Amino acid sequence: MTAHLPRSAWTGLPKPKGLTLLNAAAVLGVAVHYTGTEGKLGDHPTEQTSARRLRATLEQHTKGNGWTDIAYQYAIDQAGRVFELRGVSYRS
């Protein structure tokens with residue numbers, strides 16, 4: 001069974017205030033984004049390794065880009081673990 005990790009499990013933080021709710025009627029499709037990050041997480045990536053990379057992305061998006069939050073709804077690592085980012089209720 002694939003693990004589904006809520007945001008609090010990998011950040012220790014709640015969702016930030018100021019996210020825009022997603023208007024489901026306005027959704028035209030789904031986009032999948034590959035980060036293009038160099039290097040594998042390893043032959044058997046751990047949850048901790050994946051969470052560390054996501055926290056680095058979160059820091060880049062918030063401190064580097066000045067955004068409210070990481071700009072995606074979910075992330076899936078090489079082991080198939082699903083990490084909640086903004087979740088489906090909020091616009092990316």
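Strand β2 and strand β3 (residues 82-84) are paired in the antiparallel sense, with three bridges between them. Two strands count as paired if DSSP finds at least two bridges between them. Within this pair, Tyr-74 is found opposite Glu-84 of β3.

This is a predicted model, in which local features need pLDDT of at least 70 and side-chain atom pairs count only at pLDDT 80 or more, while totals for chains, interfaces and linings use all residues. Residues are numbered from 1 along each chain as its sequence is written, and side-chain values use heavy atoms, with hydrogens and water left out.

The sheet as a whole is open, has three strands in the order β1-β3-β2, and its pairing is mixed. Because β1 (4-5) and β2 (74-76) stand at the edges with a single partner strand each, one side of each has no neighbour in the sheet. Helix α2 (residues 47-64) packs on the sheet and touches β1, β2 and β3; a contact means heavy atoms within 4.5 Å. The direction of α2 makes about 40° with that of β3, where axes are lines fitted to C-alpha atoms, for helices over the stretch in contact, and angles run from 0 to 180 degrees between N-to-C directions.

Helices (H or I, at least four residues) and strands (E, at least two) are DSSP runs, numbered from the N terminus. Of the contacts in the chain with a separation of 6 or more, 56% join residues 24 or more positions apart.
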